[in-house]
Amino acid sequence: MLSFIIKRILEAIPVLLIIITATFFMIRLAPGGPFDAERALTEEAMERLNAYYGLDKPLFEQYTQYLGNLFRGDLGPSLKYPGFTVSEIIFEKIPISMELGLYAFCLAMLFGVTAGVCASLRPNTWLDYSTMSFAMTGICLPSFVLGPLLLLVFALHFEWFNASGWMSGTDKILPTITLAVYLAATLARITRGSMLEVQSQDYMRTAKAKGLPGWRVHFIHGLRNALLPVVSISGPALAGLISGSFVVETVYHIPGLGRFFVQAAFNRDYSMILGTVLFFAVLIVMFNLLVDIVLAWLNPRIKITQST
Amino acid sequence: MLKKTTKLIPYLAIFLVGAACSKKTTPVEEALETQTLLVGIGGDPQSLDPHVAVGAPGKTVIWGLFEGLLTQHPQNLPPVPGVAESWDVSADGKTYTFFLRENARWSNGDPVTAHDFVFSYERILSKELGAPQAYSLFIIKNAQAYYDKALTDFTKVGVTALDEHTLEIELNNPTPYFLDLLIQSIFFPVHKATILKHGDPKNPNNPWTRPGHLVSNGPFMLKSRKTNDEIIATKNPLYWDAEHVRLNEIHFLPMSVEAEEHAFRAGQLHLTYWVPEAKAQKLLEQKSPELVSEPALIVYHYCLNTRKPPLDDKRVRKALSLAIDREKITKAIILSQGKPAYNFVPYEAGNFISSAPVKEDIEEAKRLLAEAGYPNGEGFPPIEILYNTAETHRKVAEAVQEMWHKNLNINALPENQEWKVLLARRNTRDFQVVRTSWIAHYVDPNALLELYLSDSPINESGWENAQYDALIKQAATERNLSKRRALMQEAEALLLDEAPVIPISFYNMTQLKHQSVRGWYPNLLCTHPYNDIYLQASK
């Protein structure tokens, strides 16, 4: 197991390197720079700023320097916020996005899997149809529609919640629901399909023939296998959720990393963009690894050494 | 099992709703107790350095943190004593002597001295700092020469500390609006020791403005700042007039206009930075007491690149300007928030009346276009209208496109670009027509007319006109007010005739203000000192 994990981590290094390299050069191709402002800076000021941040050096030298600093764990200073470092900003924002992402993930898991199982137990009945219609609506309803809709109804019309911010406990309910709906709906559909497939398997028939109680057949024998595809998608989904959603964070005005990431791109804050991209990449690599481990645990037929 | 699960769902829903229903008081209601002002500021400010900051969000915060020699009367703008207790003006109107308060203090306890102002003005006039508004100081004797490095000795510049508490400023010309200029944030002092402690004073990104580092001299001081999140300023007990400051804290919140409006309705904001156009119109029709829409010195205009054909021909530019129905655009798109701009300087800028407004005149426009070699628009190459992402800008660009096509039979292509791209293209003059708007920094026609001087850093049109420059320069030295007005009118008429710029609308400043906010008044410059603001429940 340990050698598998080490191997995967070593494999991740070139992946991350490619991501950094591509991002580094791509953002430099974008027109406009970090110091472009409503009123153009003087040449002297531009020179001073470029020298201060090392942007006056040849691009390749900047690149190697960035990698060198990165190796020492230094993501550099933010170009937009004088005196703030990139890692400081990321670590200030990420707990908020993580909290929101985790709530949404748990909510989606709870409702998505439950709904999927319910639907699969009574296929082609009103329960199945209504659950799946709901799921389909959830998939079709983008968060930029659902978010403002919930906000208008529950925050502005009924005045049950604050319309923006991330202060009190109740502030977290609407964003969590908005963020969870898509994943819950996806999970419901996948769970249903997967459960139906599993139910037709021989070992399920054997279990029923042995006279095991229905719930045991479904939940111990059936669900464990049916969950495999659910787990495979939940890794990247979780990484996506906790790294912050631009739309949800913008609609509810949550100071998380998702909103900041997009803002950094608009600001052409080079070091900030690189820092956040790298952070997301590490997160996704990590969660994929985690998923592989969980899958192996759920299904002993998957040998860890082969799954690489 | 299944039944049990389905039965649980309504309970869960009731729990969620119930948890939320325990509706507490809103932040705005709580603020009455704590005297905490909650202000939306639009974007997230890049810098809180008064010499470097550009744009309204940063300035809104800086106004709370710093104070200049003079400050603004909250209601009707005339400058009132700030750090300077009193001042004298010499007979020729060129030398001002300011007597600084002995009890003016920085937030770390140091006294605010005349030397702080000399240090600050030297810093602003260093080209290396790139202070975007450094040109505002060029009215001071030798300031431009020092800025342009023709002069290296700062003692030759007309800013002298006669002693700790006396500051003398010598001007090039008697400037009637000089005291109005002093209330702008570019003239605010900064704390020398703090800046030097954190690095190069001429580095625009010197980290001295970080919370914990920042030392200021205004009624409030910086308590905390999270990037793209709340900035909290708390009352400065060492401020010379602290006993009259009634707010305890100000929370500045960078938010999009839509989020601001939601937050305002949910009782989370006292003041918004702006109101979306359509929303403002609706509130105006409902006569909402919370909507404040008052004239401000804002001109929404198109800037033309006069260095590129076909817009290098004055006749073409004038034709384009004449072929626009400004009233239609303003009524249909800019709505309650503006007036059609038939000239460049709004009336409110010192009761300015244009001597040659541009009205829609399609026949004349056609004639000029034909004269320039494009009869009925034939052979006229398509031109691009560059604008940054916003619903209003898109609608205006499309309306102008339609009017030019209908009236002159020429094709224009609206091109939407993200803000940074637009800036980069504008600053390198890589455009044909670009959307711009400008807020004047002081109440005088000069605040707008100086933008199109040949050496103005804001003049992206590439238009250079010696006669225009001469008129503005002459107006600067003219002491007779009616003669000065006539010179300004002549300059504006020339600007409108040469048309490097097409004015479209004069904007109102439109904001939402909670009823409990007292001592806050709309004004032409959209700047608000916080000294007199307090919160009181409406009866």
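This is a predicted model: local features need pLDDT of at least 70, side-chain atom pairs count only at pLDDT 80 or more; totals for chains, interfaces and linings use all residues.

Q: What angle and what distance between axes describe the packing of helix H1 and helix H12 of chain A?

A: In general, two packed helices are described by the angle between their axes and the distance between the axes. Here helix H1 (residues 2–29) of chain A packs against helix H12 (residues 270–298) of chain A at about 155°, and the axes are 10 Å apart. The crossing of the pair is right-handed.

Q: Which residues make the contact of H1(A) with H12(A)?

A: From H1(A) the contributors include Ile5(A), Arg8(A), Ala12(A), Val15(A) and Leu16(A). From H12(A) they include Tyr270(A), Ile273(A), Leu274(A), Val277(A) and Leu289(A). By class, the contact of H1(A) with H12(A) holds 17 nonpolar residues, one polar and one charged.

Q: How is the pair H8(A) and H9(A) arranged, and what is the handedness of its crossing?

A: The axes of helix H8 (residues 202–209) and helix H9 (residues 214–242), both of chain A, come within 10 Å and cross at roughly 150°. That angle makes H8(A) roughly antiparallel to H9(A). Their crossing is right-handed. On the H8(A) side the contact is made by Tyr203(A), Met204(A), Ala207(A) and Lys208(A), and on the H9(A) side by Val217(A), His221(A) and Gly222(A). These residues divide into four nonpolar, two polar and one charged.

Q: How many helices and how many strands does chain A have?

A: Chain A comes to 13 helices and zero strands. Its C-alpha trace spans about 85 × 55 × 30 Å along the principal axes. Of its 308 residues, 39% count as buried. Among contacts in chain A between residues at least 6 apart in sequence, 74% join residues at least 24 apart.

Q: In what order do the strands of the open sheet in chain B lie, and which are the edge strands?

A: The open sheet of chain B has four strands in the order S4-S5-S7-S6, with antiparallel pairing. Strand S4 (84–89) and strand S6 (159–163) of chain B are the edge strands, each pairing on one side only. From one strand to the next, the twist averages 20°.

Q: How many bridges join S6(B) and S7(B), and what packs on the sheet?

A: S6(B) pairs with strand S7 (residues 166–170) of chain B in the antiparallel sense over four bridges. Within this pair, Val159(B) stands opposite Ile169(B) in S7(B). Helix H4 (residues 114–124) of chain B packs on the sheet and touches strand S5 (95–100), S6 and S7 of chain B. The direction of this helix makes about 165° with that of S6(B).

Q: How many residues of chain A and chain B are in contact, and which helix of chain A gives the most?

A: In general, the size of an interface is often given as the accessible area lost when the parts come together. Here the description is by residues: 47 of chain A are in contact with 47 of chain B. Helix H2 (43–52), helix H4 (86–121), helix H6 (143–157) and helix H11 (257–267) of chain A each supply at least two residues of the side that touches chain B. H2(A) gives the most, with six residues. By class, that side of chain A has 25 nonpolar, twelve polar and ten charged residues.

Key. Residues are numbered from 1 along each chain as its sequence is written. Chains are lettered from A and ligands numbered from 1 in the order in which they are written. Axes are lines fitted to C-alpha atoms, for helices over the stretch in contact, and angles run from 0 to 180 degrees between N-to-C directions. Angles under 35 degrees count as roughly parallel, over 145 as roughly antiparallel, 65 to 115 as roughly perpendicular and the rest as oblique. A crossing is left-handed if the near helix is turned anticlockwise from the far one by less than a right angle, and right-handed if clockwise. Two residues are in contact if their C-beta atoms, placed from the backbone, lie within 7 Å. Ala, Val, Leu, Ile, Met, Phe, Trp, Tyr, Cys and Pro count as nonpolar, Asp, Glu, Lys and Arg as charged, and the others, Gly among them, as polar. Two strands pair if DSSP finds at least two bridges between them. A residue is buried if 20 or more other C-beta atoms lie within 10 Å of its own, exposed if 12 or fewer, and partly exposed in between; C-beta atoms are placed from the backbone.
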